[in-house]
Structure formats: structure tokens, C-alpha cells
Amino acid sequence: MTIPTTLDPRQARSRLHELTVIDVRTPGEYAGGHLPGALNIPLDQLDRVVSDIRTAAEHGDILAVCASGSRSENACRILAESGVTAATLAGGTTAWSAQGHDLQRPEGATRATWSMERQVRFTAGSVVLLGLLLGLVVHPAFQSLSAAIAGGLVLSALTDTCGMAALLAKLPHNRPRPADLDATLVRLRGIRHEEPR
């Protein structure tokens, strides 16, 4: 398995006009701010559109983006298995913003959804506290809930995957509406009709 090519925010900004940027975060995260011109294709929808991304790659380089770089690396691996080479943005949108580069928000976006990492931390912390509280007040067996979350976090770190994030991604505010994904695909498919970059 090869490690994806990485662009730092400065490199990505200088090449933004020639890149097809695929933001693999959830729609809620994307609405909170994304790279200019980025197309939102959540990681769990990537398999559905890989042929369109392959066609776009014939007209220019692909840059996969997420909040920190972890999900975009996974996206690059998925794409590589289908013969598509893509780069990742080092540090994701967090690093992009930290270096003073602007993030775009969709028109009408009023409220930013928490990043997936923040949603996971909040949920895991809440369940651990609940397990400890119920273990003290109701029955000690409830402490096993806290132990299960701790074990899940360790497994998540060892495997660089996150089952809790996969579950949270299914919540309505993290899911793309079919019309949104269809509009993204129209934009992606339009790349093949542009002049090669």
C-alpha cells in the first residue's frame, strides 16, 4: 500500500486553479467551510462516484481534503485501488484555515456542524461520563459501558478507523441529500467538458 502524495496548504493554494478538489467530509462539515471550488463527496459515497473521479483525473490532478488529513488519506487509498491517483491536503481544512487561507461556505449556510472528530469526542466523553454516573448511582455493571468506549478508542487508534464516526456519519445532519450529491456529480462530470488543464 503506497502513502498518498501530500500537498501542504501553500502548495495547494498555488495550484488550486488546476486541481479538482474532493472534500470527503460530511455535508454538515463541508457547509461549515471548505476550500474554494471543492466538491463534497463524503467518504462513504466515494465508491459510488469513482468512475466520475477517474474521468476528472484525466483532465487534471485530484486533491482529497478532510478536516485533518486522515479521511482524505483513506479516500486516496480507495481511489488508488480503482486506478486513480490523488493527493491529500496536509493537515486538512484545519491547516488551510490556520495558515490564513479563506474557506467558502455554501449560500444559505447558517450554522456550522461540528467536525466529525469533535462529534466523536463529545459522544465518547458523554457515554463514558454516563457509564460512570450510572455505575455509581444505579449499578456498578454500567461502568462496563465506559470500559467499552475506552476499548473502542484504543482500537480506533491502533487501526486508524473509527466505528463511532461511521455511526455518527449516518445522522441526518451528516448525510448528503440526494439532490446535493446529484448536483455535485453534475459539477464533477462537467470537468470532462472543460479544456484540459
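Before I go on, a word on what we're looking at. This is a predicted model, where local features need pLDDT of at least 70 and side-chain atom pairs count only at pLDDT 80 or more, while totals for chains, interfaces and linings use all residues. Numbering runs from 1 along each chain as its sequence is written, and side-chain values use heavy atoms, with hydrogens and water left out.

Back to Ala12. Its relative accessible area is 0%, so Ala12 is buried. By buried I mean under 20% relative accessible area; exposed is over 50%, and partly exposed is in between, with a 1.4 Å probe and protein chains only. What does Ala12 touch, not counting residues up to four places away in sequence? The list is Leu7, Leu19, Leu63, Leu89 and Trp96, where a contact means heavy atoms within 4.5 Å. Take Leu89 from that list: Ala12 and Leu89 are 77 residues apart along the chain, yet their C-alpha atoms are separated by 7.2 Å.

Now zoom out. The protein chain has nine helices and five strands. These are DSSP runs, numbered from the N terminus: helices are H or I with at least four residues, strands are E with at least two. Reading from the N terminus, the order is β-α-β-α-β-α-β-α-β-α-α-α-α-α. There are 197 residues in the chain, and 41% of them are buried. Of the contacts with a separation of 6 or more, 71% are between residues 24 or more positions apart. The accessible surface comes to about 10900 Å², with 59% of it belonging to carbon and sulfur atoms; that's the Shrake-Rupley method with a 1.4 Å probe, and for residues only the protein chains shown count as cover.

Next, the cores. A nonpolar core here is a set of buried Ala, Val, Leu, Ile, Met, Phe, Trp, Tyr and Cys residues joined through side-chain atoms within 4.5 Å. The largest one has 19 residues, and those touching the most other members are Ile22, Ile41, Leu46, Ile53, Ile62, Leu79 and Leu188. Helices α3, α4 and α9 (178-190) and strand β4 each supply at least two residues of this core. Which element gives the most? That's α3, with five residues. Look at Ile53: leaving aside neighbours within four places in sequence, Ile53 is in contact with Ile41, Leu46, Ile62, Leu79, Val84 and Leu188. There's also a second, separate core of 13 residues, and our friend Ala12 is in that one, along with Leu7, Leu35 and Leu89, among others.

Staying with α3 for a second, its buried residues are Leu46, Val49, Val50, Asp52, Ile53, Thr55 and Ala56. The expected span is 1.5 Å times one less than the number of residues.

Compare that with α6, residues 116-137. Its 22 residues should span 32 Å, and the end C-alpha atoms are 31 Å apart, which agrees. Buried in α6 are Met116, Gln119, Val120, Ala124, Gly131 and Gly135. These cover an arc of only 125° around the axis, so they sit on the same side of α6; the arc is taken from the directions from the helix axis to the C-beta atoms. What covers them includes α2, α4, α7 (143-159) and α8 (163-168). And the face turned away from the buried side? Exposed there are Arg121, Phe122, Leu129, Leu133, Leu136 and Val137.

Last topic, salt bridges, meaning a side-chain nitrogen of Lys or Arg within 4 Å of a carboxyl oxygen of Asp or Glu. The count comes to seven. Arg15 pairs with Asp61, with the closest N and O atoms 2.5 Å apart. Arg15 lies in α1 (residues 9-15) and Asp61 in β4 (residues 61-65), so this pair ties together parts that are 46 residues apart in sequence. Then there's Arg71 with Glu29, at 2.9 Å between the closest N and O atoms. That one links α4 (residues 70-81) to α2 (residues 27-31), 42 residues apart. Are those two partners buried or exposed? Arg71 is buried at 14% relative accessible area, and Glu29 is buried too, at 3%. Finally, salt bridges that share partners join Arg15, Glu18 and Asp61 into one network.
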